[in-house]
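Welcome! Have a look at the sequence and the model below, and then we can walk through some of the features together.

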Amino acid sequence: AFYYYTAIITKRALEIHDRNYESAEKTVVIVEQKFEQGIVDQRTVNLAKINKNNVLQNRSTYQIVFEQCYSNLTILLGLEPGTEIIFSENLDSEAIKIPSVDFIGPDKSLEIYKLQLRQSDYKVSQERAKWYPKLYISGYLGTQQYQDNFGISFNSSSWSTVSYLSLNISLPIFNGFVTKSQVNSALIEHDISRNTLEQEVSKSRIEDELILKEFSYSKEAVNAAKEDYQLSKQNADLQLQKFEEG
């Protein structure tokens with residue numbers, strides 16, 4: 001979304017700079033004619049040429065931004081190199097009202113660190129479980145045939161019912177040192193995960209506060225620029241009236 005909207009805004013800026021450059025070129029031609037007529041001096045000619053070069057420099061800067069957005073969109077959309085992307089949407093700056101933003105939702109990337117902390121909790125429990133005795137219960141219920149020879153009889157009287165139930169308890173006596181080391185290691189990993197989560201949460205809050213401040217300042221700058229644009233347009237209309245009146 002960032003690259004897309006930056007691209008269409010920059011595309012609009014390039015169109016404006018193209019018209020500015022055409023006007024700047026015409027201005028240079030007119031000023032050079034006035035210079036040949038002795039109406040203006042060389043300094044005025046130089047200023048007109050500098051203005052044309054400034055417009056060209058600004059256009060080149062916007063062109064670089066547009067190409068960067070184009071390349072990133074090509075990569076993110078999985079397109080082949082050389083694929084043409086057509087931006088058909090046009091933004092009307094007069095119809096756009098910048099909303100107020102006072103709150104930013106939780107950072108989704110923090111979920112990764114929360115899951116890592118939960119995973120380290122499970123790892124500590126898993127390592128501590130190695131200290132617990134283990135109880136195994138197994139049983140058997142069936143029939144067997146006991147004979148003094150290798151033959152097999154299919155007579156039901158030759159088969160005996162056999163069943164048993166066994167209980168096995170395993171005590172971890174000789175692996176206590178290894179288990180303690182593994183538990184300590186898991187606890188250290190848990191502390192690292194918890195500290196990482198706390199640091200990332202704090203970092204996210206600071207970044208959110210900065211984003212909100214930047215948004216507020218940018219909104220003020222945009223509103224001021226819009227007012228300047230409207231005043232400049234009025235001045236341009238007044239200058240045109242003066243020009244038409246001679």
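This is a predicted model: local features need pLDDT of at least 70, side-chain atom pairs count only at pLDDT 80 or more; totals for chains, interfaces and linings use all residues.

Two elements, β1 (134-145) and β2 (159-170), each give two or more residues to the nonpolar patch. The element that gives the most is β2, with three residues.

Leu135 sits in strand β1, and its relative accessible area is 52%. Because exposed means over 50%, Leu135 counts as exposed.

For a contrast, turn to helix α2, where Ala48 is found. Ala48 has 9% relative accessibility and counts as buried, since the cut-off for buried is under 20%. Apart from neighbours within four places in sequence, Ala48 is in contact with Val28 and Val31. Ile16 lies 32 residues from Ala48 along the chain, and their C-alpha atoms are separated by 18 Å.

Here are the two residues side by side:

| Residue | Relative accessible area | State |
|---|---|---|
| Leu135 | 52% | exposed |
| Ala48 | 9% | buried |

Now for the inside of the model. The largest nonpolar core has nine residues: Ala7, Ile8, Leu14, Phe66, Cys69, Tyr70, Leu73, Ile85 and Phe87. Both α1 (2-36) and α2 (42-76) give two or more residues to this core, and α2 gives the most, with four residues. One of the core residues is Leu14. Leaving aside neighbours within four places in sequence, Leu14 is in contact with Arg59, Tyr62, Gln63 and Phe66.

Finally, follow helix α4, which runs over residues 176-244 and has 69 residues. From its first C-alpha to its last, α4 reaches 99 Å, close to the 102 Å expected at 1.5 Å a residue. Which residues of α4 are buried? They are Thr179, Val183, Ala186, His190, Ser193, Leu197, Ser204 and Asp208. What covers the buried residues of α4 includes α3 (110-128). After α4 comes Gly246, with a positive phi near 80 degrees.

Definitions and conventions:
Residues are numbered from 1 along each chain as its sequence is written. Side-chain values use heavy atoms; hydrogens and water are left out. A nonpolar core is a set of buried Ala, Val, Leu, Ile, Met, Phe, Trp, Tyr and Cys residues joined through side-chain atoms within 4.5 Å. Buried means under 20% relative accessible area, exposed over 50%, partly exposed in between (1.4 Å probe, protein chains only). Contact means heavy atoms within 4.5 Å. The expected span of a helix is 1.5 Å times one less than its number of residues.
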